[in-house]
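Dear colleague,

Please find the structure below, handed over for your study.

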Amino acid sequence: MAIDGHTKLFGLIGYPVGHTLSPLIHNHLAELYGQNLVYVPLPVKEEDLKRAVEGAGAFGFGGMNVTVPYKNAVIPLCTQVDPLAAQIGSVNTLVPCEGGYKGYNTDVTGLYRAMTEDGAMIEDREVIVVGAGGVGRTVAFLMAQKKAKKVYLLNRTFEKARELADHVNAYAGKELIIPLANEDHGKIPEGKYLAVQATSLGMSPKTEGVAIEDPAFYQKISCGYEIIFNPAKTRFMQLVEDAGGTAYNGLKMLLYQGIDAYELWNPVKIREEDIKAIYLMMCRELGWG
Ligand code: ATR
């Protein structure tokens, strides 16, 4: 694509941002939809975050993504915040609005699109969420928003699971989430659960990591949804499969958070065949053949 006097700027604010797949997603979409824009990674130091967002506005950036460690810190810098993103306390997409940027969370909408496509239905389902950190929080709110029947929230530190459960239950207006310490997973009744793995354990290069090893736990899981995409099959996924369940990795969540952001920034609806093509490109980039 030729950069000229009309090229619109988009970028990813985070630290570090060297390994991101987002430029691949957005620059390819721009090419497919004939839009004169460029998307670049923008490493920003913590002390510069405010100036970076203001500077993006000054340069007329058409939109920004925000990644670790700023998804929470960027909220007070937004002129407006989407209500669900505000509840979650995490913004990963900035869309220009009067006087600045409006913050959205396409991790949550992207995860939902990915899960729906993979047939991992949430509504009226009994669910297990493993992890109560930033990602666990996003997943827990999605479970409330999409009306899961009951959610067991496991975390190494029980207190964090309890705090998150209180917060989400207040949002849901009922006792939807039951917090448990990881070692108490045996208290979860028998069943055929949808389980979402939302810790960083098992991520490359420490691929042997998993929050719960006990094979008995995996007997209760019919569908295991992993947030990690590298490696393609985590130890959590392997344990789900060993117990006879179906497991999915987090690459589609990454893909759809990008698709959703692109659709918020640009007046286009991305075609299904283009989404598939970009997914295959991401797989190739990761060396999955
Ligand atoms: P993220 O934004 O990726 O969720 P985070 O907020 O630091 O990152 O949360 C990491 C999650 O992985 C938490 O659920 C954490 O458990 P604690 O709340 O007890 O810290 C979990 N986690 C990290 N290392 C772990 C380990 N070695 N064993 C079990 N859980 C672990």
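A residue is called buried when its relative accessible area is under 20%, exposed when that area is over 50%, and partly exposed in between, using a 1.4 Å probe and protein chains only. The model is a predicted one, in which local features need pLDDT of at least 70 and side-chain atom pairs count only at pLDDT 80 or more, while totals for chains, interfaces and linings use all residues. Residues are numbered from 1 along each chain as its sequence is written, and side-chain values use heavy atoms, with hydrogens and water left out.

Domains

The domain assignment gives domain 1 (8-104 + 252-285) and domain 2 (109-249); such bounds come from an automatic or database domain assignment. The centres of the two domains, taken over C-alpha atoms, are separated by 26 Å. Their contact (heavy atoms within 4.5 Å) takes 14 residues from domain 1 and 17 residues from domain 2. Between them, domain 1 and domain 2 bury about 1,400 Å², and 57% of this is on carbon and sulfur atoms. Buried area here is the accessible area (1.4 Å probe) that two parts lose on being put together, summed over both. Of the area that domain 1 buries against domain 2, I88, K252 and M253 supply 42%, more than any other three residues.

Salt bridges

A salt bridge is counted when a side-chain nitrogen of Lys or Arg is within 4 Å of a carboxyl oxygen of Asp or Glu. By this rule there are 15 salt bridges, and the count between domain 1 and domain 2 is four.

Which residue forms a salt bridge with D118? The partner is K252, with N and O 2.7 Å apart. This pair links distant parts of the chain, 134 residues apart: D118 is in the loop between helix 4 (106-117) and strand 7 (126-130), and K252 is in helix 9 (residues 251-265). Helices (H or I, at least four residues) and strands (E, at least two) are DSSP runs, numbered from the N terminus. D118 has a relative accessible area of 14% and is therefore buried; K252, at 14% relative accessibility, also counts as buried.

The salt bridge between D184 and K187 has its closest N and O atoms 3.7 Å apart. D184 is partly exposed, because its relative accessibility is 27%, whereas K187 is exposed at 57%.

E263 and K269 form a salt bridge with their closest N and O atoms 3.7 Å apart. Salt bridges that share partners join R113, D260, E263 and K269 into one network. Within this network, the side chains of R113 and D260 meet at 2.5 Å, N to O.

Aromatic rings

Rings of Phe, Tyr and Trp (its six-membered ring) form a pair if their centres lie within 6.5 Å; planes under 30 degrees apart count as stacked, over 60 as edge-to-face and the rest as tilted. How many aromatic pairs does a search of the whole structure find? The search finds seven. Because Y152 lies in strand 8 (residues 150-155) and Y193 in strand 10 (residues 193-197), the pair ties together parts that are 41 residues apart in sequence. Both Y152 and Y193 are buried. F217 and Y218 also form an edge-to-face pair, 5.0 Å centre to centre with 80° between the planes, and both are buried. F10, Y39 and W265 form one aromatic cluster.

A charge sits over a ring if NZ of Lys or CZ of Arg is within 6 Å of the ring centre and within 35 degrees of the ring normal. K146 lies over the face of Y112, at 4.3 Å from the ring centre, and K252 lies over the face of Y279, at 5.6 Å.

Two buried residues

S90 is in the loop between helix 3 (83-88) and strand 5 (93-97), and is buried because its relative accessible area is 9%. Leaving aside neighbours within four places in sequence, S90 is in contact with K71, I75, A85, Y104 and N105.

M143 is in helix 5 (residues 134-145). With a relative accessible area of 0%, M143 is buried. Not counting residues up to four places away in sequence, M143 touches residues including M115, I122, V127 and L176.

Yours sincerely
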